[in-house]
Amino acid sequence: MPPHFPSNPDHGPHVTGPFHRHKSIHRILGGGKAADVLLWKNRNVSAGVLAGATLTWFLFDVVEYNAVPLLCQIAIFAMLAIFIASNAAQLFDRAPPRIPQVVVSEHAFREMALTIHHKLEYAASLLYDIACGKDLKKFLMVVGSLLLLSVIGGSCSFTSLLYLGFLCAHTLPVLYQHYETEVDHLVARGGQDIKKFYEKVDSNLLNKIPRGPVKTKFR
């Protein structure tokens, strides 16, 4: 049985978009501050996050800096800054600087753990359903994506792979939001080409594979 692809009976220039969403992209990304950063609602914050990620990738992948020495040196620099500021405040008869305390409640940790557990459970269940072959299209897409990821991961380091994934997550949503119509058109036309290719493979190859007789079960 051939897989189901988005169809377009007219095959004309007006192609229906394949992403029939009932939610906005902001809500699909989870809403809140994280979605605002990914969609560049505040350009300064999004640019700062991108600059921080780029600096981290440059230190660990290009300069090949180790994480432990970097963390230790950051801690040393912070302690020296606090030491100088505290002693200078006594010399000038001023109050020493007060560092705000960041307190994370137990409730926040539990909520984070439950969220991660729910996401992992959903991902494992989804991958299991796809691996069972219930939807051949999704199965082929996942296998192809894993093969592509394997090739990319074999040609670059793990840090570069993470940075590449961050760049995609940080730029593709906002680009899709600006060019939604064009992207939907291209994806729909690509789906039509894949459907035609599968029909050729099915008629020229898959249908010629001998199959045994189908056993009918009588109750």
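An unreviewed UniProt entry lists residues 67-89 and 139-166 as "transmembrane region"; such annotations may be inferred rather than shown by experiment, and their positions are given here in the numbering of this chain. The model is predicted, so local features need pLDDT of at least 70 and side-chain atom pairs count only at pLDDT 80 or more, while totals for chains, interfaces and linings use all residues. Residues are numbered from 1 along each chain as its sequence is written, and side-chain values use heavy atoms, leaving out hydrogens and water.

Residues 67-89 are 100% helix and 0% strand, with end C-alpha atoms 33 Å apart. Residues 139-166 are 93% helix and 0% strand, and their end C-alpha atoms lie 25 Å apart. Helices (H or I, at least four residues) and strands (E, at least two) are DSSP runs, numbered from the N terminus.

Helix H5 (residues 106-131) and helix H6 (residues 136-155) have axes that come within 8 Å and cross at roughly 110°. Axes are lines fitted to C-alpha atoms, for helices over the stretch in contact, and angles run from 0 to 180 degrees between N-to-C directions. H5 and H6 are therefore roughly perpendicular, a label for angles of 65 to 115 degrees. Leu 127, Ile 130 and Ala 131 in H5 meet Lys 138, Phe 139 and Val 142 in H6, where contact means heavy atoms within 4.5 Å.

Ser 160 sits in helix H7 (residues 158-178). Ser 160 counts as buried because its relative accessibility is 16%, and buried means under 20% relative accessible area with a 1.4 Å probe, protein chains only. Leaving aside residues up to four places away in sequence, Ser 160 touches Trp 57 and Asp 61. The side chains of Ser 160 and Trp 57 are joined by a polar contact of 3.2 Å; a polar contact is a pair of N or O atoms within 3.5 Å, and within protein one must be able to donate a hydrogen and the other to accept it, while residues adjacent in sequence count only if both atoms are side-chain atoms.

Methods. Angles under 35 degrees count as roughly parallel, over 145 as roughly antiparallel, 65 to 115 as roughly perpendicular and the rest as oblique. Buried means under 20% relative accessible area, exposed over 50%, partly exposed in between (1.4 Å probe, protein chains only).
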